[in-house]
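Please read the following briefing alongside the sequence and the model.

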Amino acid sequence: MKLDVDVLRYLSKDDFRVLTAVEMGMRNHEIVPSELVHRIASLKHGGTYKVLKNLLRYKLLHHDSSKYDGFRLTYLGYDFLAIKTLVNRGVFTAVGRQLGVGKESDIFEVAREDGTVLAMKLHRLGRTSFRAVKSKRDYLRHRNSYNWLYLSRLAALKEFAFMKALEDHGFPVPNAVDCNRHCVIMSLVQGYPLVQVNQLQNPDSVFETIIGLVVRLAEHGLIHCDFNEFNIMIDDDEKVTMIDFPQMVSVSHQNAQMYFDRDVECIFKFFRKRFHLNFQETTDGDDGSDIDTDEGSRLSFASISKTAGFLDKELAASGFTRKDQDVIQKFIGGSIEESGSDDEGSDDRNESETNETNVDGLDSLHLAEQDVIHKNPDLNSKKEGVSEENQQNSEAGQGSEHDRHNASDKEDDNETVNENDAELMKRIEKQRRRAVAAVRGGRKSLASRNSYKDKGGKSSNNSKIQKQLSNW
């Protein structure tokens, strides 16, 4: 959409008041009802519908009457609100030509009262060329509902925060001036995109500088994720400047290594193709022949230590979690030391240690059972004797009463012994089951997919009958 700022001359305070009312209504409405716009704007002399008609003529609003009569802001109307606010702040006084167009934003030049030229970046998420913003970016985080204007505002705030922090830490980035809604004002870089440069006096030094920036960012806890020839500016003195920061993530991100390797590969590929740089190194093989390898010149994400700072913590970059923040606090307090193993290795070791302790528990249970049997060697003999005596008493049913009394006394003693032994065996068996469950990680056996489910059909009735028959 073309930005025609000449319309700003003909907009009154009532027009901007109605635009602001529609913006406020879009916080919880996709299409703001006209009655709600009228109540929020609350113009002194009325005339809200006349103002809405005027804004529709300049395409600052979109009218939708499919479900009910309502309005929503267009990107042009959102641009006018941001520009009006920045002009009232005194950030700039004039809007010039368009400098560039990207898949996510438009760049314009603006001027201050003293003639200083700045760059104005208007984020425009939702274009047909890049609509997978929700899956590619984490602007929404835990939110479910969204619109493109709100996403553009989040992207602008994120870029302004990254630019300000990188500038404070000495990175070659544009000077962040101000931000409002989806608009970011920054200093104008006097240079050209690297993709438009065909010759360099010192391509090796420029390449080393760019790779050094990638390493410095990783040491500060950040990864650019879009570090290529389109987002690198270079001037006549071959001074490099980075641009485009909304997509930056933390080195703790689950895909951090993939993003880092992709940035490095883009730089290597561009300099190899455009400036014919050779990054291969020759090493002597076992048979004395020369082998070309480029492993020595290629960066490794694992070899970079995050020692220069914690910008991902300060800016809450994507992938930086509360767990990482707790680890950093412990590291700063000096309560932990550097360890060469990662979190996954420690988790595996912890699991193995718990398994070993559980197995030791099983062995101790078996040993305890053996000790019980060793201490009471007559348990098995008593059980066998009891069974034999019971058989003899049943065969000799017509014995003397004295023998019967003696047999009954022995049976009582044996029953008490058997009850004690049964309780002891139950305890040991219960402990063994607990130990086995602990070794298995407390996981319950999953039922098969073809398990019985009572759905009220013919098969369920047959299964019920079979179940009753088995109970009988």
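In this predicted model, five strands make up an open sheet whose order is E4-E5-E6-E8-E7, with antiparallel pairing; two strands are taken to pair if DSSP finds at least two bridges between them, and helices (H or I, at least four residues) and strands (E, at least two) are DSSP runs numbered from the N terminus. Because strand E4 (94-101) and strand E7 (176-180) are the edges and have a single partner strand each, one side of each is left without a neighbour in the sheet. From one strand to the next, the twist averages 25°, where angles run from 0 to 180 degrees between N-to-C directions and axes are lines fitted to C-alpha atoms, for helices over the stretch in contact.

The model is predicted, with residues numbered from 1 along each chain as its sequence is written, and local features need pLDDT of at least 70. Side-chain atom pairs count only at pLDDT 80 or more, while totals for chains, interfaces and linings use all residues, and side-chain values use heavy atoms, with hydrogens and water left out.

- E4 and strand E5 (residues 105-111) are paired in the antiparallel sense over five bridges, and Val 95 stands opposite Val 110 in E5.
- Helix H4 (residues 75-89) packs on this sheet, where it touches strand E6 (117-123), E7 and strand E8 (183-187), and its direction makes about 125° with that of E7.
- Helix H6 (residues 148-168) also packs on the sheet and touches E6, E7 and E8, with a direction at about 160° to that of E7.

**Three-stranded sheet**
- Three strands form an open sheet in the order E1-E3-E2, again with antiparallel pairing; its edge strands are strand E1 (32-33) and strand E2 (61-64), each of which pairs on one side only.
- E1 pairs with strand E3 (residues 70-73) in the antiparallel sense over two bridges, and Gly 70 in E3 is the bridge partner of Pro 33.
- Helix H3 lies across E2 and E3 and runs at about 110° to E2.

**Packing of H1 and H3**
- Helix H1 (residues 13-25) and helix H3 (residues 48-57) pack at an angle of about 90°, with their axes 10 Å apart, and are therefore roughly perpendicular to each other (a term for angles of 65 to 115 degrees).
- Their contact (heavy atoms within 4.5 Å) is made by Asp 14, Asp 15, Val 18 and Leu 19 of H1 together with Thr 48, Val 51, Leu 52, Asn 54 and Leu 55 of H3.

Notes
Angles under 35 degrees count as roughly parallel, over 145 as roughly antiparallel, 65 to 115 as roughly perpendicular and the rest as oblique.
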